[in-house]
Structures are given as C-alpha cells and as structure tokens.
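I set out to read one structure and to keep notes on what I looked up. The entries are brief and follow the order of my reading.

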Amino acid sequence: MTDIVVNGEIESALTHFTGLGLATIGEAAGFVGIRLSWSDEDKPRLSVSFPHESADSIATSLHAHAVSMADPESWVQQTMNHEKRQSTGVFSPRIKVPTSGDSWANLTRLRRRSLDALLKRNDRLSLSMIGALGEPSYWRFERQSPRPDAGASRWEMKTRNRGAEFIGDRFAPLARTVALRAPEDVLAGVTGERTDDELDGSPDSRTATGLQRPGPVDSAQAWVALWGLTAFPVAHDPHAQSQTAGAFPQDRLHTRWFVVPIFDRPVSLSRWRSVIASEPLAVLGRQIADDDHVGAYDRAAESQLVELGSVALGAARVDLRGSSSAPERVILDVEVTPLGEEYRHG
C-alpha cells in the first residue's frame, strides 16, 4: 500500500484537480483499487491510495505518461495552420473563429484522423481528456453570430492573449517539460517535495491555468491537475451553452462557481466522477449560483449526496478578470460546508 499525499490545501481547487488527475493517470496505467479521501483533521489533506503499487512504480507511470504525450506524434503535440496561425493546437477547445467552411472542414478532418488513431489503440485516457476539454462548437449561434467557445469545458481557462490557446501554449509545453524530469522528480512535484515552475516561475505565474490564484506552481503538479478535467465531463446542447460538471450557472459562458464533493473515507475514482456529474450535486450547485437564494438548500438533494458518501460540499467563486477580448478566469478559495446540517451560503 502506498499513500500519495497531494500537495496543497482543501481550499485550493488545484489540490482537488491534482488528486483526481493522479488517480486517473494511475487507473489508465492499469493500477487497481485506487482510492481517494480527505483526512479528518483541522487542515485536511488529500490522499490517493495505491494498494498494490510502490512509490517508484507510481512515479514511473506518471513520467511514462508525460513522455508519451510529449512525443511529436502525440495528439497533444499536433498543431495546424488555422486562420493564419501556424501552431494552433488541433485539440484546443477555444481557438480563433473559423471564417470559412474550408477552415471548419480542415479542423474536423485533423481531429477525426487523430481520434480514429486513438480509438484504434484503445487509448481511453486520451479520449477521455479530449472529451472533457470539449471542442469548438460549430453548431452554436446567437443572433446569427457563431459562438465556438460554447462547446469548451469551463475548466479550460487558458487566457487567450494574442491568440494563445490551451493545447499549443500550455498543455503541450507542460508535457515536454515534465517528460524531461526524472520519474522521482515528477512525483515529488505532485507531493510538494519539489516546486519548480519551469514554464514561468514569476511571482504571478499562470502555469496553474486558473486552478488557483496566479503564482508559482510545480510544473508536474499543474500537468497532473489538468488531467483532473477528465472527472468533469462536458455535455453538449445544440440549443444552449454546453454544460460542464461542477460549473455553475450551467448556462453561462463565464461560470461563477466551482462546486465539488468532499469525501472523508476512501472511495473510488468512479464514485467521485459519478457524484461530480450527479443530479443532486447539480441541484445544490444551481442553488449556490442563484443570487436570490437564501436559507437551507434542497434537503432531498443533500440527503442523496450523503447517501452517496459525500460528507461535505466544496464551493468556490470563479473570478473573472482581464480584458473583454482576453478574459481570465481564476477559481478562488474553496469553502467547505458539511452536508446533513442546516447551512447557508453568503
């Protein structure tokens, strides 16, 4: 049995995403019986337990995964000439609006070719990540104007200054950076024994990509945390904004709340995923996002979450800053509220 204690506090969304990403990569490596839980103490810590693995095998799997995603042939490294920008990531969910049918067709062709290859290899982890990121919504219009960003995950928060996009300008460089480390240094970044922000390192670094306030973060932890997006699926709607699990309100381009369940007993990754995407969590999430809501939350939904094993709910405001042309979203401090008790939100 090996318990990996994730770097960070319960108040940071980055910690939640890191634990989910670590468990996700571990399951894809073939590790069985993985469990996640928060410790019951004044300053809870998130542990990911691997009953049949050593720390060395976990580190090796994390490193091997980064190396595979850093391969020039990987879907993560694939770029295209899109709207005169040569290095646009093929799988970035938010890119410059295609201005012609040919531009859309080229994007679709490149995505399908890679998806077919991933399906042939049965690379479920990569397919899960691509699905969780969403895609430019060719189907979404408002007043005859295209709304391609409506199909993207709300948790893909790369600021698009000067045309920058998530895959080519954040995810792919992170893969290459982490791949250059020794395996033990990858795991050390996840546990906090090492903090090396190779991509930026400035006092207001954006390497965490909105999962915490600007500031230095270890590159390996940021990389693993971004794979935690796989636990927050996107549901597309031809008539409205695509919905992202844990993001509220669900009908807004710029979400205002991040909501996540808290477990204090070891539970499986599939349980976490099912609760994150569950209707009772969505009911409470919608109430949290309702500015007019005052008082206790929906008791039936609260009871259902307790029955599913969740002892508390974490909720954080999502700050919207920057310019209207390149807005930046940042998840602020997570506030934890016990379930099964009378409670309010401010």
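My entries follow, beginning with the model itself.

**Entry 1: basis and confidence.** I note that this is a predicted model, in which local features need pLDDT of at least 70, side-chain atom pairs count only at pLDDT 80 or more, and totals for chains, interfaces and linings use all residues. Residues are numbered from 1 along each chain as its sequence is written, and side-chain values use heavy atoms, with hydrogens and water left out. I looked up pLDDT, the predictor's confidence in each residue, from 0 to 100. Its mean over the chain is 93, and 97% of the residues reach 70 or more. Over residues 342-346 the pLDDT is below 50, yet I find 17 contacts for this stretch beyond near neighbours in sequence; a contact means heavy atoms within 4.5 Å.

**Entry 2: an open sheet.** I turned to an open sheet of 3 strands, ordered S1-S3-S2 with antiparallel pairing. Its edge strands are S1 (2-5) and S2 (35-38), each of which pairs on one side only. Neighbouring strands are turned by 25° against each other on average, direction ignored; the axes are lines fitted to C-alpha atoms, and angles run from 0 to 180 degrees between N-to-C directions. Strands are DSSP runs of E with at least two residues, helices are runs of H or I with at least four, and both are numbered from the N terminus. Two strands pair if DSSP finds at least two bridges between them. I found 4 bridges joining S1 to S3 (residues 46-50), and Asp-3 stands opposite Ser-49 in S3.

**Entry 3: Ser-219.** I located Ser-219 in helix H7 (residues 219-226). Is Ser-219 buried or exposed? It is buried, with a relative accessible area of 0%; buried means under 20%, exposed over 50%, and partly exposed in between, with a 1.4 Å probe and protein chains only. Leaving aside neighbours within four places in sequence, I list among the contacts of Ser-219 Leu-174, Arg-181, Asp-196 and Glu-198.

**Entry 4: backbone exceptions.** I recall that most residues other than glycine have a negative phi, and that most peptide bonds are trans. Asn-122, not a glycine, has a positive phi of about 60°. It lies in the loop between helix H3 (101-121) and helix H4 (124-133) and is partly exposed at 46%. Arg-162 also has a positive phi, of about 50°. I place Arg-162 between strand S7 (145-146) and helix H5 (166-179), in the loop; its relative accessibility of 81% counts as exposed. Finally, the peptide bond from Phe-248 to Pro-249 is cis, with omega near -5°, and Pro-249 sits in the loop between strand S10 (247-248) and strand S11 (257-262).
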